[in-house]
Amino acid sequence: MKVAVFLPELLRHLFKKPNTVDYPFKKLEVPKDFRGTPFLHPDICIACRACERDCPAEAIEITSVNEAEKKFSMVIHNDRCVHCAQCVDSCPTNPVKAMEMDHLYEIAAFDRHDLKMDWTFTRAVPKREAKPAAPPSPPSKTEPAQS
Amino acid sequence: MAVLKTLLYLLVYPGLLFLFIYSTFCEWYDRKLYARLQNRMGPTHTGRWGILQPIADFVKLLAKEDVVPERADKTLFTLLPIIGLAIVVTAGLLLPLWPYSEDAIRMTSFSGDIIVLLYLLSLPTLIFFLAGWSSTNLFSTIGGTRVLTMLFGYEVPLFMSVLSPAILANSWRLAEIAQFYQKKPLLILPNLLGFVIAVICVQAKLERTPFDIPHAETEIVGGTFTEYSGKKLAFFRLMIDIELVVSSGLVAAVFLGGFPGGPAIGLLNFVVKTLFVIFFLTLIRAFTSRIRVDQVVTFAWKYLAPLAVLQLLIVILIKGLLL
Amino acid sequence: MKFTIPIGPQHPALKEPISLRMTVEGEVIKDADIRLGYNHRGLEKLAEEKTWIQNIYLTERICGICSHSHATCYVQGVEKLMEITPPKRGNYIRYLVSELERVHSHLLWLGVAGHEAGFDSFFMYTWRDREVVMDLLEMISGNRVHYAINTLGGVRRDLDELQIKKIFDGLAVLRTRSEFYFKIGASEPTFVARLAGVGYLSREKALALCAVGPTARASGISADVRKDDPHAVYDEIPFDVCTADSCDVLGRTVVRIKELLESYKICEFLLKNLPAGDIAVKAPKRAKPNEVVSRYEAPRGENMHYIKSNGSDKPERLKVRAPTLANYPATVEMLKSGFIADIPLIFAAIDPCICCAERTVELVNGRTGEEKILRFSELRKLADQRFKNRPVKRNAAWPF
Amino acid sequence: MTDLELVEKLKSLFGDKIVEISNPALRRVFMTIAPGNVAPVFVGLSKDLRYAYIATISGLDTGDSYEILYHLADLNGNLNVRTRIPKTDPHLVSICPSLPGAILYERELQDMFGIVIDNIPDPRPLVVPDDWPAGNFPLRKDWKYERPAEIIPGGKK
């Protein structure tokens with residue numbers, strides 16, 4: 001019977017760098033496909049409500065603000081969001097999706113109201129011949145308030 | 001002057017204050033080493049390399065709410081941590097640390113102090129049992145009985161293995177035993193087996209893996225300490241830390257030739273040798289898994305006790321043939 | 001002296017709430033009883049109100065560790081109801097994630113077993129290496145726990161060359177590590193002393209009490225849905241069913257480590273033979289009235305979903321049978337005549353996933369009749385109040 | 001044993017006890033029996049066909065009756081035994097004597113549908129809490145749970 005099989009492995013690691021990352025002070029990169037928080041490009045959204053219908057957590061709310069001006073308001077309840085990115089998959093706009101996920105993961109807040117994000121926008125006209133527009137930069141709204 | 005010296009001796013060095021500081025340092029050393037063996041970081045935040053973390057933990061526990069169970073024996077429940085702390089600090093005074101040269105205080109160095117020290121180190125076990133029993137919690141009660149069951153396993157081998165160098169040195173006084181081995185360092189070698197047994201038994205006495213059965217958290221929650229919180233738990237933790245220092249100091253004094261060289265170098269000797277012993281204790285903690293209480297008793301009586309007897313035999317033979 | 005110890009619903013050995021009532025005599029367990037019902041979320045009822053698409057994510061949340069198992073089991077059933085077949089590449093990626101999930105779950109279990117046995121170094125090392133496979137899964141799917149890679153008719157993310165290379169590298173690391181753990185698990189004396197002979201479950205009992213997964217396989221039953229009822233790609237993949245005859249916790253450990261090594265083989269096969277092409281086909285919104293029984297070998301044993309459609313975009317009935325529930329009768333059998341010290345090990349050895357096993361009831365406001373959610377600031381106010389009004393030195397008479 | 005052989009064997013074993021038998025997919029056999037025949041059929045299944053593993057029991061509310069599906073499995077695939085009991089008198093006999101592992105699922109059926117299982121060895125509720133109001137059976141279609149409107153405390157916005 002062997003005694004202390006684990007010992008050489010342990011002693012080998014005594015002089016190695018620890019494998020843990022000093023988390024709040026150092027952060028790891030997330031992969032490029034990381035599913036962070038969903039956000040909306042309000043200038044592309046055609047208000048088709050596909051995301052609202054498919055969202056498993058009922059975290060997306062689209063309401064019509066002004067029928068005549070085709071103004072809509074969209075609320076993403078990040079306190080309910082399960083970060084599945086189904087809204088991105090459901091979004092029919094082409095070639096740039098109106099819904100996108102960012103790479104934020106430190107999104108905890110003390111108050112659930114701080115996790116709500118909303119946009120009011122005019123419905124975009126869906127283009128058949130989609131000209132390759134430059135992908136719009138994420139709006140500053142996506143930064144959840146850390147109050 | 002003598003009164004001041006005695007007070008200094010009791011409260012500052014090598015008494016309460018020194019033991020407090022050094023035991024928190026030892027806890028940090030143990031935790032850090034354990035973490036690094038496991039490829040982790042260990043404490044990093046409080047102080048440089050997290051060195052103040054045990055003190056921070058102690059202070060934090062002092063500030064926490066202190067709950068006493070309704071059905072517990074309240075006097076006993078409250079007094080036990082203090083009695084326990086007093087016992088281990090008293091035991092710490094018996095270590096031949098500073099004043100064992102001829103002209104120093106002879107208060108705690110006397111013939112037979114090794115026996116007193118061993119018995120003082122047995123008392124914490126009883127304190128743990130009483131702590132478990134008096135809290136009347138189911139898990140504490142199981143923990144308490146486990147403490148006693150284990151005591152029957154490791155106590156006899158510990159006594160035999162620690163006393164065998166004393167037999168070789170022909171003295172029951174820690175200071176004289178240490179001096180004997182300083183003069184004849186080669187005679188440390190025959191006691192090697194005893195050193196191994198003593199380290200294992202100290203591990204069991206301190207209830208560290210693989211012998212952390214009385215407070216195995218995945219089985220019986222906190223074991224004996226399930227109901228303890230706040231200040232009382234802080235004192236118990238401090239008590240265990242000081243017990244770690246004292247028992248490794250005892251092993252170092254008996255097997256590694258004591259701490260010669262006057263106050264300064266003696267202290268350095270003490271630090272190096274106790275850390276050396278604690279290194280082994282931590283190593284054992286890292287590479288073993290917890291065993292069952294019946295396995296402890298079996299292991300102790302099947303292997304440790306016969307080996308301790310063998311150690312005694314070796315010592316007696318050497319004493320008879322060589323000295 | 002006979003008394004009953006309550007293990008749970010809150011206990012350090014249990015990571016999820018369940019109540020085990022142990023009647024013990026000294027250190028020996030005489031009787032055991034399991035009480036469920038602390039973790040109900042009413043998933044089966046809820047599934048009847050959600051669309052087929054939404055239910056993918058709902059089934060994924062049946063369990064955190066085997067999230068992909070439940071989603072895959074559901075998705076492969078719904079695909080049969082909708083009469084669509086995912087493209088081959090999609091299928092390969094889906095079952096690649098399945099096997100990686102098995103790796104992650106078994107490594108997790110090894111760590112938990114180490115921790116329950118008080119072997120914390122083993123725990124730390126296995127969980128360190130589990131990070132490798134977690135990172136791979138995060139890279140493939142975009143998340144570490146809820147991969148959400150399944151969709152009706154295929155998968156949602158494709159693999160590129162760089163990712164394939166990274167997976168191969170990760171698997172090579174994991175293989176050497178797993179072989180090392182095999183050595184430790186089989187020869188570290190204190191660990192073996194804790195595991196061997198503990199939680200004995202004979203082959204006959206395992207059969208009669210319907211044990212599944214590694215628990216059954218460690219009792220010598222060669223039952224594996226991947227072999228018995230090969231779903232999707234498993235009839236193309238060469239692999240062995242790992243069994244052990246020792247019928248104890250050690251056997252269950254050995255089976256799991258062997259399965260790890262098998263899973264690496266399967267992953268490498270899938271990656272080497274990854275066909276080109278699409279990853280998903282378009283799925284219809286509705287399914288014709290029909291019923292299907294979908295079976296899947298999750299890391300813990302057989303998952304079974306019974307799905308019935310009624311022609312609408314919502315299921316008529318979704319019945320979920322998680323492997324942990326099936327293993328409970330066997331656990332009670334194993335616990336009897338064990339030691340108190342063995343309770344966490346025996347219970348952990350079935351790899352219990354309590355949120356898997358319990359999912360049926362709606363959360364009705366149970367005892368008080370009302371539910372209250374507090375904001376953080378309100379909570380702090382309450383705590384301050386409690387502190388100010390604290391009883392003055394009740395019985396904690398401090399002698400100083 | 002292929003599916004066809006299994007169907008033939010079941011037919012020869014149980015004869016007119018089988019109301020309907022079908023084989024919709026590979027390794028899936030669905031068999032319908034009358035509720036009165038549940039006990040003898042399961043004795044036959046466990047004795048003659050050596051079925052020991054019951055995966056689960058699904059209940060289903062079809063409006064005027066309960067449909068009970070026993071999912072059995074062995075190395076050859078999956079056999080589903082279906083029976084229908086009227087809603088007015090939901091009684092079913094326990095199959096634990098022949099398949100002891102069924103106890104959990106029978107208890108679950110009791111909790112979820114209010115089906116009374118006769119001769120069940122352990123009738124305690126399995127998944128509902130002890131103080132669950134009597135007469136509430138969540139998986140019945142007429143049992144509706146009104147989700148209360150979500151109130152986020154604070155009311156900042």
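Trainee: Of the contacts in chain A between residues at least 6 apart in sequence, what share joins residues at least 24 apart, and what makes two residues count as in contact?

Mentor: Two residues are in contact if their C-beta atoms, placed from the backbone, lie within 7 Å, and among the contacts in chain A between residues at least 6 apart in sequence, 76% join residues at least 24 apart. This is a predicted model, in which local features need pLDDT of at least 70 and side-chain atom pairs count only at pLDDT 80 or more, while totals for chains, interfaces and linings use all residues. Residues are numbered from 1 along each chain as its sequence is written, and chains are lettered from A and ligands numbered from 1 in the order in which they are written.

Trainee: What pattern does chain A follow along its sequence, and what makes a stretch a helix or a strand?

Mentor: Helices (H or I, at least four residues) and strands (E, at least two) are DSSP runs, numbered from the N terminus. By that rule chain A has three helices and five strands, and their pattern along the sequence is α-β-α-β-β-α-β-β.

Trainee: Why is Gly8(C) called partly exposed?

Mentor: A residue is buried if 20 or more other C-beta atoms lie within 10 Å of its own, exposed if 12 or fewer, and partly exposed in between, with C-beta atoms placed from the backbone. Gly8(C) has 18 such atoms within 10 Å, and therefore counts as partly exposed. Gly8(C) sits in the loop between strand S1 (2-7) and strand S2 (19-25) of chain C, and, apart from neighbours within four places in sequence, its contacts include Leu14(C) and Pro17(C). Under the burial rule, 26% of the 147 residues in chain A are buried.

Trainee: How do you know that the span of helix H1 of chain D agrees with expectation?

Mentor: The expected span of a helix is 1.5 Å times one less than its number of residues. Helix H1 (residues 3-14) of chain D has 12 residues and should span 16 Å, and because its end C-alpha atoms are 16 Å apart, the two agree. H1(D) is followed by Gly15(D), which has a positive phi near 55°. Helix H2 (residues 16-37) of chain B, with 22 residues, reaches 31 Å from first to last C-alpha, close to the 32 Å expected.

Trainee: What makes S1(D) and S3(D) edge strands of their sheet?

Mentor: Two strands pair if DSSP finds at least two bridges between them, and in chain D five strands form an open sheet of mixed pairing in the order S1-S2-S5-S4-S3. Strand S1 (18-25) and strand S3 (53-61) of chain D each have a single partner strand, so one side of each lacks a neighbour in the sheet.

Trainee: Why is H6(B) called roughly parallel to H12(B)?

Mentor: Axes are lines fitted to C-alpha atoms, for helices over the stretch in contact, and angles run from 0 to 180 degrees between N-to-C directions. Angles under 35 degrees count as roughly parallel, over 145 as roughly antiparallel, 65 to 115 as roughly perpendicular and the rest as oblique. The axes of H6(B) and H12(B) come within 9 Å and cross at roughly 10°, which makes the two helices roughly parallel.

Trainee: Which pair of chains has the most contacts, and how do you know that chains B and D stand apart?

Mentor: Among the five pairs of chains that touch, chains C and D have the most contacts, with 34 residues of chain C in contact with 30 residues of chain D. S7(C) gives the most to the chain C side, with four residues. That side divides into 14 nonpolar, five polar and 15 charged residues, where Ala, Val, Leu, Ile, Met, Phe, Trp, Tyr, Cys and Pro count as nonpolar, Asp, Glu, Lys and Arg as charged, and the others, Gly among them, as polar. No contact joins chain B and chain D, and their closest C-alpha atoms lie 24 Å apart.
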